Amino acid sequence: LEPRMVSELGGRLMSGYGPEGVKGSTEMVTVIFPDTPVSLGDNWTVNTKLESGMSGLMQTEYTLTEREKGYAIIAGTSTIKTEDKNAYVTSNGRPMRYDLTGTASSIIKIDANSGWIINATIYIDMGGDAFIKDENEEIKISLYMKAKMVITS
């Protein structure tokens, strides 16, 4: 594996921290509300399309776990996967594709009156492979990511 290819892959993965990555991260924690009113202990499912360096799909089951005066706690358990593991994206003029899967868990505290997120903690555990097409060959790179995101207002 040539150093320039590793550098390109690193740049592509780091794009998750650019504007699209911020948008995807924000969606992970803000697209949480059910379509109908819920009571303590109720569950609902939200499907989110992620765009942070690659297209991904996240399905989250949320539960209203606590409701106190002024705030509510929502817990989420998610599965994450590459939207199309055979789709190539171009990065620095080179075709790349991803085959990743993972899970996430979240605890989100919201203001019960406004719905504003007071704070949230999300744990992500994801792995799989990235493939870089170089002339006539495809180079496979195994990836693993474990992350903790903390959001406060």
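Which residue takes a positive phi in the hairpin of β5 and β6?

1. Gly115 does, with phi near 80°. This hairpin has five residues between the strands. The model is predicted.

2. Strands β5 and β6 run antiparallel and are joined by 15 bridges.

3. On to β4, residues 89-91. Three bridges tie β4 to β5, again antiparallel. Ser91 stands opposite Arg94 in β5. The hairpin of β4 and β5 has two residues between the strands, and Asn92 takes a positive phi near 55° there.

4. Strand β3 covers residues 71-82 and runs antiparallel to β5, with 11 bridges between them. Ala72 faces Ile110 of β5 across this pairing.

5. Ser106 sits in strand β5. Is Ser106 buried or exposed? Its relative accessible area is 8%, which is under the 20% cut-off, so Ser106 counts as buried. Leaving out residues up to four places away in sequence, Ser106 touches Tyr62, Ile74, Ala75, Gly76, Thr121 and Ile122.

6. The largest nonpolar core has 17 residues. Ile80, Tyr98, Leu100, Ile124, Met126 and Leu143 touch the most other members. Two or more residues come from each of β5 (94-111), β6 (117-134) and β7 (137-152). β6 gives the most, with five.

7. Leu100 deserves a look of its own. Beyond residues up to four places away in sequence, Leu100 contacts Met54, Ile80, Lys81, Thr82, Met126, Gly127, Gly128, Asp129 and Leu143.

8. Another core, of 11 residues, lies apart from the largest one. Its members include Ile32, Tyr62, Ile108 and Ala120.

Terms used: Residues are numbered from 1 along each chain as its sequence is written. This is a predicted model: local features need pLDDT of at least 70, side-chain atom pairs count only at pLDDT 80 or more; totals for chains, interfaces and linings use all residues. Side-chain values use heavy atoms; hydrogens and water are left out. A nonpolar core is a set of buried Ala, Val, Leu, Ile, Met, Phe, Trp, Tyr and Cys residues joined through side-chain atoms within 4.5 Å. Buried means under 20% relative accessible area, exposed over 50%, partly exposed in between (1.4 Å probe, protein chains only). Helices (H or I, at least four residues) and strands (E, at least two) are DSSP runs, numbered from the N terminus. Contact means heavy atoms within 4.5 Å. Two strands pair if DSSP finds at least two bridges between them.
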